[in-house]
Amino acid sequence: MDDLSYISEPTQIAGIAEMSKGLNFGMPSEALLGCLLKTLVASKPEGRFLELGTGTGIATAWLLSGMDAASSLVSVDTDLNFQAVAKAVLGSDKRVTFRLEDGLTFLLSQKAHTFDMVFADAMPGKYEGLNDALKVVKVGGFYVIDDMLPQPNWPEGHAARIPVLLERLSKHPDFTLLPLVWSSGVAIAVRQR
Ligand SMILES: C[S@@+](CC[C@H](N)C(=O)[O-])C[C@H]1O[C@@H](n2cnc3c(N)ncnc32)[C@H](O)[C@@H]1O
């Protein structure tokens with residue numbers, strides 16, 4: 001099976017790629033991961049979703065493409081220039097709210113068990129404040145991370161953080177974990193209680 005042959009990218013991704021030229025943004029989410037995110041949010045009608053790390057909006061576009069009309073998405077980033085691309089291309093979609101804010105600050109302002117999925121694609125909510133990100137996931141909701149397999153842009157010493165993070169998730173008493181050696185390396189944790 002050639003999985004990429006059966007995946008259609010959201011139409012807005014070409015526009016995001018065009019507008020991102022010159023921004024030196026080297027961290028866009030892969031199409032396989034995007035398709036997974038789309039599939040997961042499609043399983044939660046009227047869902048409330050959180051993306052930590054908007055970047056230029058590639059994963060945001062995938063998320064929106066799977067969400068029904070009654071769902072909503074909050075996407076958080078600290079970089080004005082990256083998020084400006086996402087806002088320009090996707091901002092007319094009333095289901096998404098962009099927040100220019102530190103991811104951990106945002107998480108700390110949220111109530112427990114209020115999101116059907118958290119896609120944690122920034123340091124906060126993943127390597128810092130993991131428990132704060134897990135706390136906001138509803139029972140039956142998803143916590144999703146990627147880049148668990150070696151990436152060319154990893155800083156020195158980053159590789160050692162991967163098994164620590166996966167160990168914490170796999171031992172968490174309230175979540176069940178699916179680690180996937182697939183795409184950039186994905187882990188999906190589902191809150192059971
Ligand atoms: C891996 S990229 C996100 C890629 C994005 N999901 C996409 O599909 O293009 C990580 C993002 O996290 C953002 N970031 C860095 N520090 C942050 C923080 N403290 N809080 C929120 N976002 C942060 C960066 O600006 C960057 O856009």
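First things first: what you see is a predicted model. The secondary structure of the chain comes to 7 helices and 7 strands.

How about overall size? A compact globule of 193 residues would come out near 16 Å, and the chain has 16 Å, so the two agree.

Take helix 1, residues 12-20, and helix 4, residues 80-90: their axes come within 10 Å and cross at roughly 140 degrees. Because of that angle, helix 1 counts as oblique to helix 4; the cut-off for roughly antiparallel is over 145 degrees. The crossing of these two is right-handed. On the helix 1 side, the contact is made by Gln 12, Gly 15, Ile 16, Met 19 and Ser 20, while helix 4 brings Val 85, Ala 88, Val 89 and Leu 90. Sort the residues of this contact by class and you get 6 nonpolar, 3 polar and no charged ones.

The second pair is helix 2, residues 31-42, with helix 3: here the axes come within 7 Å and cross at roughly 35 degrees. Helix 2 passes helix 3 in a right-handed crossing. Among the residues making this contact are Gly 34, Cys 35 and Leu 37 from helix 2, and Ile 58, Trp 62 and Leu 63 from helix 3. By class, the contact between helix 2 and helix 3 has 8 nonpolar, 4 polar and 1 charged residues.

Helix 3 turns up again at our last stop, the ligand. Which residues are closest to the ligand? They are Ser 29, Gly 53, Gly 55, Gly 103 and Ala 122, out of 20 residues that surround it. Helix 3 (58-66) supplies at least two residues of the shell, and strand 2 (72-77) also supplies at least two. Split by class, the shell around the ligand has 10 nonpolar, 6 polar and 4 charged residues.

Notes. Residues are numbered from 1 along each chain as its sequence is written. This is a predicted model: local features need pLDDT of at least 70, side-chain atom pairs count only at pLDDT 80 or more; totals for chains, interfaces and linings use all residues. Axes are lines fitted to C-alpha atoms, for helices over the stretch in contact, and angles run from 0 to 180 degrees between N-to-C directions. Helices (H or I, at least four residues) and strands (E, at least two) are DSSP runs, numbered from the N terminus. Angles under 35 degrees count as roughly parallel, over 145 as roughly antiparallel, 65 to 115 as roughly perpendicular and the rest as oblique. A crossing is left-handed if the near helix is turned anticlockwise from the far one by less than a right angle, and right-handed if clockwise. Two residues are in contact if their C-beta atoms, placed from the backbone, lie within 7 Å. Ala, Val, Leu, Ile, Met, Phe, Trp, Tyr, Cys and Pro count as nonpolar, Asp, Glu, Lys and Arg as charged, and the others, Gly among them, as polar. A residue is near a molecule or strand if its C-beta atom, placed from the backbone, lies within 6 Å of it. The radius of gyration is taken over C-alpha atoms; the globule rule is 2.2 Å times the number of residues to the power 0.38.
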